[in-house]
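Me: Please show me the structure, and then let us go through some questions about it.

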Amino acid sequence: MEYEIVIGLETHVQLKTRSKMWCGCVNQFGGEPNTHVCPVCLGFPGVLPVANEEALRLTVLTGMLLNCGLPKRAKFDRKNYFYPDASKNYQITQYDLPSTLKGCVEFESENKTCRVGITRAHLEEDVGKSSHFDRVSGVDFNRAGVPLLEIVSEPEITSVQMASDYLNELKTILIYGGISDCDMEKGMVRCDLNLSTRPVGQKELGKKVEIKNMNSFSGARKALTYEMNRQIKVLRNGGALIQETRRWDDAEGMTHSMRSKEMAHDYRYLPEPDLMPFEPETAWYDSIRESVVELPLARKRRYMKDYGLPPKDTETLVSNPSLAGYFEKAAEHSKKPKAVANLILNNLRACMSESNHSVDDLKIQPTHIHELVQLVDSGKINSRIAQEVFNAVYESGKSPQGIVEEKGLAQVSDSSTIDAFCDEVIKANPKSVEDFQAGKQNALNFLKGQVMRLSKGKANPALVGQVLEKRILNP
Amino acid sequence: MDKSIHAFLSINKQGVLDQAEKADREIAEKGLSADRPLLGIPIAIKDVLAEKGAPLTCGSRLLRDFVSPYDATVVTQLKNAGALTFGRLNMDEFAMGSSTENSSVGPTCNPWDYSRIPGGSSGGSAASVVADECIASLGSDTGGSIRQPASLCGCVGLKPTYGRVSRYGLVAFASSLDQVGCNTKTVSDAATMLGVISGYDKRDSTSVPRSVPEYSAALQSSIKGMKIGLPKEYFVEGMQPEVASSIRQAVEKLEELGAEIVEVSLPHTEYAVACYYIIATAEASTNLARFDGIRYGYRVDGKNPFELYCATRGSGFGEEVKRRIILGTYVLSSGYYDAYYLKAQKVRSLIAGDFTKVFETVDALVTPTSPTTAWKLGEKMDDPLQMYLSDVCTLSSNLAGNCGISIPCGFTDNPTLPIGLQLLGPPFSEETLLKIAGDFEQATDWHCRKPVINNAGA
């Protein structure tokens with residue numbers, strides 16, 4: 001029998017706000033343990049939460065970016081469970097009236113356009129971080145109370161690759177919207193995986209297995225692959241699956257059962273009495289709508305159409321919104337957007353990664369890239385010199401034109417100068433001249449290189465080839 | 001002096017002397033001013049309201065060594081008004097109880113008879129005012145915790161409308177029912193206190209952005225022509241006869257003063273106790289979850305977090321608190337939520353609806369505060385249900401979010417024990433209640449009677 005898998009994902013994302021969800025403490029990764037804390041996020045007696053308006057705004061904006069419906073009324077609830085990293089032993093979340101309703105994400109996967117339904121995106125709070133030492137354990141509450149958005153997908157993902165593409169698209173959308181920095185290494189994105197297996201053709205879903213708290217997309221991929229194979233194997237061998245929660249062990253590369261359905265927590269949800277239910281006004285929704293940005297998929301399609309870029313280059317640009325913005329500024333007036341993209345994707349990215357710069361740190365401006373492409377295009381400099389000019393502009397932030405003048409890098413196309421260079425090289429390399437006359441094409445390339453060297457790279461390479469050929473073959 | 005009453009859990013002697021000296025200097029230099037209405041006045045605080053640097057025990061073993069790192073909004077307001085905050089008052093553990101016997105350090109005694117309870121949970125708040133240990137006190141009222149002890153000790157007890165006073169810094173028992181209020185010797189003092197502690201607080205999302213009237217000014221006008229309702233459901237079976245007759249006399253007095261008295265009905269009153277104990281315990285079970293011994297407070301170690309929780313909470317909480325946590329956990333459990341919590345919320349709406357409807361025709365309601373006078377220490381400790389029923393007249397107004405006040409309206413003869421009259425009004429009608437209470441107080445002398453305090457100790 002053939003089997004198919006069905007995946008649903010719950011993605012938790014830390015929102016990019018200045019302060020925490022319920023108090024004025026800074027929302028910032030790191031810091032000495034328990035330094036970004038106050039009575040509110042430590043759950044001291046008598047404190048009350050006050051909802052962070054920016055977090056509410058970012059939640060609604062996420063809903064808009066994910067094509068979600070927006071409710072007339074929303075509220076917060078308490079989810080009760082005891083754990084040392086939970087400062088109140090309940091988490092404030094949104095249970096039955098979340099801030100966003102059904103929506104969907106569109107993305108490309110395995111050369112197809114896919115659409116996955118979004119059940120909801122609701123706002124909640126992050127918990128502290130436990131550490132276990134030799135004889136004691138500790139909890140750092142710096143992270144406790146950081147606004148966390150939980151984006152729940154419908155069980156509509158049908159392969160591991162599709163899950164991976166969904167996650168990457170979601171991450172890019174959230175970065176585009178300024179919702180979250182999505183820095184995986186800082187734990188800003190985590191996800192729970194739900195996977196079930198059923199015989200092909202069966203309508204009902206199989207038993208749902210949940211794998212909790214994955215903190216990297218590559219881990220999620222591995223866990224999904226392992227779990228898919230495990231479930232199919234159990235079914236193939238005539239076994240039965242149970243609804244359960246499993247834990248991914250990255251070192252072993254395996255999932256282990258944590259608890260079955262019978263042992264599932266009873267979270268005893270109740271409406272949060274310290275926060276009033278709220279009815280967002282249309283005007284507020286409208287003001288948020290102004291922050292809606294172009295989605296990555298739309299941008300990708302536009303780049304391919306308007307700039308004629310190949311898919312691979314487009315993907316690389318689109319996945320990095322600040323670089324994409326840089327590209328658009330550089331390409332805005334350019335007749336050669338492809339050349340602009342090449343400079344950015346090859347030279348600029350290499351320099352940036354070498355010097356550990358972000359787009360905001362750059363001295364080289366988008367207009368410089370445009371200018372450099374123009375210099376090459378008009379024959380003012382050749383493409384080899386363009387590399388040198390690029391590096392100089394990257395270092396100094398001076399204009400390419402200025403660098404060319406300052407360093408005298410303009411391409412030499414003047415025939416008498418080129419004739420002189422060629423004559424000198426022909427005289428100094430009789431062996432190569434003979435070889436070329438004997439039909440060895442490589443010999444001409446060598447001679448060409450010698451001329452370029454003599455001209456300090458400035459000679460027009462096409463012209464050099466023509467002159468050499470003429471002088472050697474028809475002396 | 002407090003040896004006989006045991007109203008205080010802690011007193012900051014040096015702190016209050018320093019504050020008093022400062023107040024004296026300020027009066028000498030600048031005189032009295034309207035924006036410092038409590039300048040130099042000693043006010044005691046129920047040990048459930050956070051005061052920076054002061055113990056905050058909530059009458060519980062679990063917080064016996066806890067010192068608050070911050071001020072409740074009401075405490076800041078008191079300090080800004082010039083009050084001397086000097087002591088922390090005894091209470092039922094986490095405000096759960098009606099007799100102050102659930103305090104982990106022993107009960108407070110009724111100033112009129114040390115062998116009797118002062119009421120609760122703000123027993124210390126009422127007893128300290130009646131015993132002249134302070135001029136006024138702050139308390140909290142979740143189901144009658146300010147009004148019932150006021151009635152049983154013989155002072156004024158005011159529970160403002162839900163949202164009128166900030167709850168920031170009030171250790172929560174049942175968040176949707178809790179409200180901070182005061183115990184005072186006179187209605188006029190209650191008006192002054194309310195003026196100080198009222199107002200919107202951005203730290204409390206449930207506080208209401210509404211201007212604060214000049215409450216003291218309300219006392220100037222008369223109640224002539226006001227319509228006051230007498231809800232028949234509040235004259236319950238088993239009510240002490242002296243209480244019933246005192247209330248009748250008080251109602252006659254109000255009529256004499258020019259009010260029109262009409263009998264009214266609040267038909268869902270009989271469900272109030274059940275409804276209250278589902279909602280209050282449900283909220284309490286989650287509010288008290290934070291007391292786990294991890295971050296602060298009393299801790300009994302265990303091999304793992306679960307054992308630590310069990311050991312800490314098992315020995316840190318008293319019997320009544322544990323009973324309510326268990327009850328609240330049960331009513332919120334999957335499969336029971338709809339039958340209990342959700343149903344109770346619906347009943348709560350009906351109870352609130354009763355009040356809304358009645359207040360379309362009357363300005364206020366008059367009822368007994370408590371069906372009985374103060375009972376003997378220990379008398380109801382083995383019968384929690386009897387204890388719960390003692391709040392039958394007060395807890396509906398918490399469910400509805402209304403305001404209420406209890407004032408002295410008589411005494412029993414042998415033994416001499418105070419009886420309280422309760423006035424209830426619609427949300428934000430504190431001025432009306434103060435006006436009626438003030439007129440009644442002016443026309444009677446019940447508030448002038450004082451117990452003899454034996455300084456030797458009980």
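Me: In β6(B), which residue is the bridge partner of B:Leu158?
Reply: This is a predicted model, in which local features need pLDDT of at least 70, side-chain atom pairs count only at pLDDT 80 or more, and totals for chains, interfaces and linings use all residues. Residues are numbered from 1 along each chain as its sequence is written, chains are lettered from A and ligands numbered from 1 in the order in which they are written, and side-chain values use heavy atoms, with hydrogens and water left out. Helices (H or I, at least four residues) and strands (E, at least two) are DSSP runs, numbered from the N terminus. Within β6(B), B:Leu158 has as its bridge partner B:Cys182.

Me: How many bridges join β5(B) to strand β6 of chain B?
Reply: Two strands pair if DSSP finds at least two bridges between them. Strand β6 covers residues 179–184 of chain B and runs antiparallel to β5(B). The number of bridges joining them is 3.

Me: Which residue in β10(B) is the bridge partner of B:Lys159?
Reply: β5(B) also pairs with strand β10 (residues 403–411) of chain B, in the antiparallel sense and over 3 bridges. B:Lys159 points the other way from B:Val156 and B:Leu158, and is buried (under 20% relative accessible area, with exposed over 50% and partly exposed in between; 1.4 Å probe, protein chains only). Its bridge partner in β10(B) is B:Gly404.

Me: Why is the pair of B:Tyr277 and B:Tyr388 called stacked?
Reply: The whole structure holds 30 aromatic pairs over all chains. Rings of Phe, Tyr and Trp (its six-membered ring) pair if their centres lie within 6.5 Å, and planes under 30 degrees apart count as stacked, over 60 as edge-to-face and the rest as tilted. The centres of B:Tyr277 and B:Tyr388 are 3.9 Å apart and their planes are at 10 degrees, so the pair is stacked.

Me: How many residues apart in sequence are the parts that this pair ties together?
Reply: Both B:Tyr277 and B:Tyr388 are buried. B:Tyr277 belongs to helix α9 (residues 272–287) and B:Tyr388 to helix α13 (residues 384–389), both of chain B, so the parts tied together are apart by 111 residues.

Me: How far from the ring centre of B:Phe411 does B:Arg449 lie?
Reply: A charge sits over a ring if NZ of Lys or CZ of Arg is within 6 Å of the ring centre and within 35 degrees of the ring normal. B:Arg449 lies over the face of B:Phe411, and its distance from the ring centre is 4.4 Å.
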